[in-house]
Amino acid sequence: MIDFIQLGANVGKSETDIMWWLVPEKNWSGIFVEPNPDAYEKLIENYSELNNCFFEKIAVIGKTYDDDFVTENTDESVIMRLGNPEHFHETSKVELTADPEVLTRRSIDFIEVPSMSLEKLVEKYNMSGKTFELLQVDIEGSDYDVLLTADLSKICPKYIRIETIHMENKMCLLESSCPIFPHDCGSREEDRISFKKHLDKFMKLNGYEIVPDPWYKHYEFLVPSHWPGKNPEPENFNTVYFNKDL
């Protein structure tokens, strides 16, 4: 039984993550996903005591739009820009529109990594249409594309906890150019809709409502004792969506 999926697990244990204490406390079984190979090795090391979890060295990416239809991205790999060896999550991100040949020739900071959609991941673990507790998402700017193209009739977490701070001031394309909700986006610059508002609407249409983060207070309490001098990630960095019918 799978209880959680974490996209962007990074090195596993840090002051910006809730899963390092939540998973063992709940005795959850789940899937940690991290495409950065160096971060992935540290992730395996940091969670060596967990014997009921799975690890995937892949990039989970959003599907693409073709004539207003969502279609699977047929590529089996993507280019990733590597991050700081000490703080992978600060700069490691998938370059969905980059030319692989140009990037890999230009810098050793770019590597090719395996990829799949979120639907393919749940199918791999026989989870399609099955309810699980938590989908935790922090994938450096790809969060929006992955969730907005996800089929939430097949991917069924009770809670979705996703980093949205970067979506607040990122505005959608104008009018009919918007592939998600074209009628929301006006013709004037001031009528543009933020990615966060689009995400909120998408989640509501799929039966989810915004709720207070049920894990933040305990996480906030634990950080100072485990990482002296470090501050917990602010609560407003993430939004938690809950589907009471799951």
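Here is a short walk through this predicted model, point by point.

1. **Ground rules.** Because the model is predicted, local features need pLDDT of at least 70 and side-chain atom pairs count only at pLDDT 80 or more, while totals for chains, interfaces and linings use all residues. Residues are numbered from 1 along each chain as its sequence is written, and side-chain values use heavy atoms, leaving out hydrogens and water.

2. **The overall picture.** The chain holds 7 helices and 13 strands; these are DSSP runs numbered from the N terminus, with helices (H or I) of at least four residues and strands (E) of at least two. Of its 246 residues, 48% are buried, where buried means under 20% relative accessible area, exposed over 50% and partly exposed in between (1.4 Å probe, protein chains only). Among contacts between residues at least 6 apart in sequence, 72% join residues at least 24 apart; contact means heavy atoms within 4.5 Å.

3. **The sheet.** Seven strands form an open sheet with mixed pairing, in the order β3-β2-β1-β10-β11-β13-β12; two strands pair if DSSP finds at least two bridges between them. The edges are β3 (54–56) and β12 (209–211), each with a single partner strand, so one side of each has no neighbour in the sheet. From one strand to the next, the twist averages 20 degrees. Axes are lines fitted to C-alpha atoms, for helices over the stretch in contact, and angles run from 0 to 180 degrees between N-to-C directions.

4. **Strand partners.** β1 pairs with β2 (residues 30–33) in the parallel sense over 4 bridges, and the bridge partner of Q6 in β2 is F32. β13 pairs antiparallel with β11 over 5 bridges and antiparallel with β12 over 3 bridges. In β13, V240 stands opposite R161 and Y241 stands opposite I210. Of the 5 residues of β13, 4 are buried. Helix α6 (residues 195–205) lies across β11, β12 and β13, at about 15 degrees to β13.

5. **Aromatic rings.** The whole structure has 10 aromatic pairs; rings of Phe, Tyr and Trp (its six-membered ring) pair if their centres lie within 6.5 Å, with planes under 30 degrees apart counted as stacked, over 60 as edge-to-face and the rest as tilted. Y144 and F195 are stacked because their centres are 3.9 Å apart and their planes at 20 degrees. Y144 is in helix α5 and F195 in helix α6, so this pair ties together parts 51 residues apart in sequence. Ring pairs also link F4, W28, F32, Y47 and F55 into a cluster.

6. **Salt bridges.** There are 5 salt bridges, each a side-chain nitrogen of Lys or Arg within 4 Å of a carboxyl oxygen of Asp or Glu. R161 and D213 form one, with the closest N and O atoms 2.8 Å apart. R161 lies in β11 and D213 in the loop between β12 and α7, so the pair ties together parts 52 residues apart in sequence. Both R161 and D213 are buried.

7. **One residue to look at.** E15 sits in the loop between β1 and α1. E15 touches several residues, including Y219, W227 and K230.

Notes:
Lists of a residue's contacts leave out its neighbours within four places in sequence.
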